[in-house]
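This briefing covers the fold of one chain and then the surroundings of selected residues. The sequence and the structure come first.

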Amino acid sequence: MGTEDNRLTLAATLLERADLRYTPAGIPALDCTLRHQSMQPEAGGERNVECDLHAVAFGDVARRLSGFPAGSALRCEGFLARRYRTGHAVALHITRFTNEENRHATSHR
């Protein structure tokens, strides 16, 4: 399986953002909650989609994302993984984001 098998792009509002923290290895990390709202085609009709998703960013992406306040409109790209190693809930690991208010791209590669 390649990386293209687990990629997600999500237009969202930054609902909540924790303070920037550091992993035991000294890597910047940021936990946040994203809110997505849209209309999606489904079974010949339209479905109103509203959901909140936990997300996390590391490194330069975490550092840059920590500068955005709650309520910021973002387009986030990344992959899904378990939120906790032994849990079942998923989180979006943000590897790139764009601030939709001024189209400022931020990525970590």
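In which strand is Phe-79 found? Phe-79 belongs to strand S5, which spans residues 73–82. The model is a predicted one, in which local features need pLDDT of at least 70, side-chain atom pairs count only at pLDDT 80 or more, and totals for chains, interfaces and linings use all residues. Residues are numbered from 1 along each chain as its sequence is written, and side-chain values use heavy atoms, with hydrogens and water left out.

**Chain as a whole**

- The chain has 109 residues, of which 32% count as buried; buried means under 20% relative accessible area, exposed over 50%, and partly exposed in between (1.4 Å probe, protein chains only).
- Among contacts with a separation of 6 or more, 52% join residues 24 or more positions apart; a contact means heavy atoms within 4.5 Å.

- Beyond its neighbours within four places in sequence, Phe-79 contacts Asn-6, Arg-7, Ala-91, Leu-92, His-93 and Thr-95.
- Val-90 is 11 residues from Phe-79 along the chain, and their C-alpha atoms are separated by 9.9 Å.

**Ala-29 in strand S3**

- Ala-29 lies in strand S3, which covers residues 28–42.
- The relative accessible area of Ala-29 is 0%, and Ala-29 is therefore buried.
- With residues up to four places away in sequence not counted, Ala-29 touches Asp-19, Leu-20, Arg-21, Thr-23, Ala-57, Phe-58 and Ala-62.
- Asp-60 is 31 residues from Ala-29 in sequence, and the C-alpha to C-alpha distance between them is 9.0 Å.

**Thr-33 in strand S3**

- Thr-33 is placed in strand S3.
- Thr-33 counts as buried because its relative accessible area is 17%.
- Leaving aside neighbours within four places in sequence, the contacts of Thr-33 are Thr-13, Leu-14, Leu-15, Glu-16, Asp-52 and Leu-53.

Notes. Helices (H or I, at least four residues) and strands (E, at least two) are DSSP runs, numbered from the N terminus.
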